[in-house]
Amino acid sequence: MTIGSKEGPPPPWPDIHRTVLSTLDALASSTGWIPTAATVGIEPVFERVLQQICQPQGFSPEAYIDVITRDAGMRREVQKRLSRLMETPALVNMRREAQRREAEHQLHVLHFVLSGQEPPDWVLSTIDEEQQQQLRDAAESGEERDPVLLPRVQRALQKLAATPTTYGQCEDCGTAILLERLQLVPWAECCAACQRKREGIPDEAPEPPVAVTYF
């Protein structure tokens with residue numbers, strides 16, 4: 001029997017697959033996996049699930065991945081559950097809090113380069129001496145000064161200090177700015193759509209949703 005045929009994969013993969021799905025469903029009502037997913041992503045959580053299910057039956061997680069990679073129906077079932085786990089409110093909140101901490105660090109470093117004002121000690125303590133010297137050299141040279149960017153960086157830092165829970169919310173529409181955007185533009189005031197409106201750029205047709213693949 002060919003994997004991906006109408007008959008489905010050969011035994012014991014259907015049983016293993018059902019166990020994987022039920023385990024992922026059970027994770028949705030637990031919290032022990034959330035810190036790991038918030039720190040390093042959902043992949044290690046998924047890998048551990050596969051190890052616990054496949055290895056006692058004499059199969060490797062890689063063999064299961066190969067099966068579902070070649071069977072679109074099985075793959076969609078797994079992806080749907082992984083995507084649902086990534087949308088768990090507690091995980092989303094923890095990821096946003098981690099992003100706020102990272103953004104504050106990045107903004108302080110950028111502010112140092114743009115203004116010459118040294119960042120707090122807690123920021124410097126995470127940077128080795130060689131990097132600190134490179135930052136000081138860049139700040140003293142003034143080559144990176146940007147009178148447009150500096151006020152935006154300062155405003156983002158003020159927001160993080162005064163009302164940190166509002167950081168990452170679009171100032172125009174109030175929705176949460178995508179984490180991916182904040183990672184690239186930690187001083188962003190708006191979501192991408194509202195930023196385009198501010199700049200007078202015509203709206204782009206929304207791209208079709210792309211399923212997230214974890215294998």
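**Aromatic pairs.** I searched for ring pairs and found two in the structure. I counted rings of Phe, Tyr and Trp (its six-membered ring) as paired if their centres lie within 6.5 Å, with planes under 30 degrees apart called stacked, over 60 edge-to-face and the rest tilted. Trp13 and Phe59 have ring centres 4.8 Å apart and planes at 55 degrees, so I logged this pair as tilted. This pair links distant parts of the chain, with Trp13 in helix H1 and Phe59 in the loop between H3 and H4, 46 residues apart. For helices I took DSSP runs (H or I, at least four residues; strands are E, at least two), numbered from the N terminus. Trp13 and Tyr64 make a tilted pair too, at 6.3 Å centre to centre and 45 degrees between the planes. Tyr64 lies in helix H4 and Trp13 in helix H1, so this pair ties together parts that are 51 residues apart in sequence.

I then checked burial, where buried means under 20% relative accessible area, exposed over 50%, and partly exposed in between (1.4 Å probe, protein chains only). Trp13 and Tyr64 are both buried; for Trp13 the relative accessibility is 8%. Phe59 is partly exposed, at 27% relative accessibility.

**Note on the model.** I am working from a predicted model, in which local features need pLDDT of at least 70 and side-chain atom pairs count only at pLDDT 80 or more, while totals for chains, interfaces and linings use all residues. Residues are numbered from 1 along each chain as its sequence is written, and side-chain values use heavy atoms, with hydrogens and water left out.

**Nonpolar cores.** I defined a core as a set of buried Ala, Val, Leu, Ile, Met, Phe, Trp, Tyr and Cys residues joined through side-chain atoms within 4.5 Å. The largest has 27 residues, and those with the most contacts inside it are Val20, Leu24, Trp33, Ile42, Phe46, Tyr64 and Val78. At least two residues of this core come from each of helices H1 (13-27), H2 (34-40), H3 (43-54), H4 (61-69) and H5 (72-86). Apart from it lies another core, of 18 residues, including Leu107, Leu160, Tyr167 and Cys190.

I listed the contacts of Trp33 (heavy atoms within 4.5 Å). Neighbours within four places in sequence aside, Trp33 touches Leu27, Ile42, Val45, Leu85, Thr88 and Leu91.

**Salt bridges.** My rule was a side-chain nitrogen of Lys or Arg within 4 Å of a carboxyl oxygen of Asp or Glu. The count came to 12 salt bridges.

- Arg84 bridges to Asp25, with the closest N and O atoms 3.8 Å apart. Asp25 lies in helix H1 and Arg84 in helix H5, so the pair ties together parts 59 residues apart in sequence. Arg84 is partly exposed at 41% relative accessibility, and Asp25 is partly exposed at 34%.
- Arg101 and Glu97 form a salt bridge at 3.8 Å, N to O. Both are in helix H6 (residues 89-115), four residues apart, which puts about one helical turn between them.
- Glu189 bridges to Arg152, the closest N and O atoms being 2.7 Å apart. Glu189 is in the loop between helix H10 (179-184) and helix H11 (192-198), and Arg152 is in helix H9 (residues 149-162), 37 residues apart. Glu189 is buried, with a relative accessible area of 8%, whereas Arg152 is partly exposed at 25%.
- Arg155, Lys159, Glu171, Asp172 and Arg198 are linked in a salt-bridge network.

**Helix H9.** I checked its length against the expected span, 1.5 Å times one less than its number of residues. For the 14 residues of H9 that gives 20 Å, and the end C-alpha atoms are 20 Å apart, which agrees. Its buried residues are Leu149, Leu150, Val153, Ala156, Leu157, Lys159 and Leu160. H6 is among what covers them.

**Cysteines.** I looked for disulfides, meaning pairs of cysteine sulfur atoms within 2.5 Å, and the whole structure has zero. Cys170 is in none, and its nearest cysteine sulfur, that of Cys173, is 3.6 Å away. Cys170 is buried at 4% relative accessibility; Cys173 is partly exposed at 40%.
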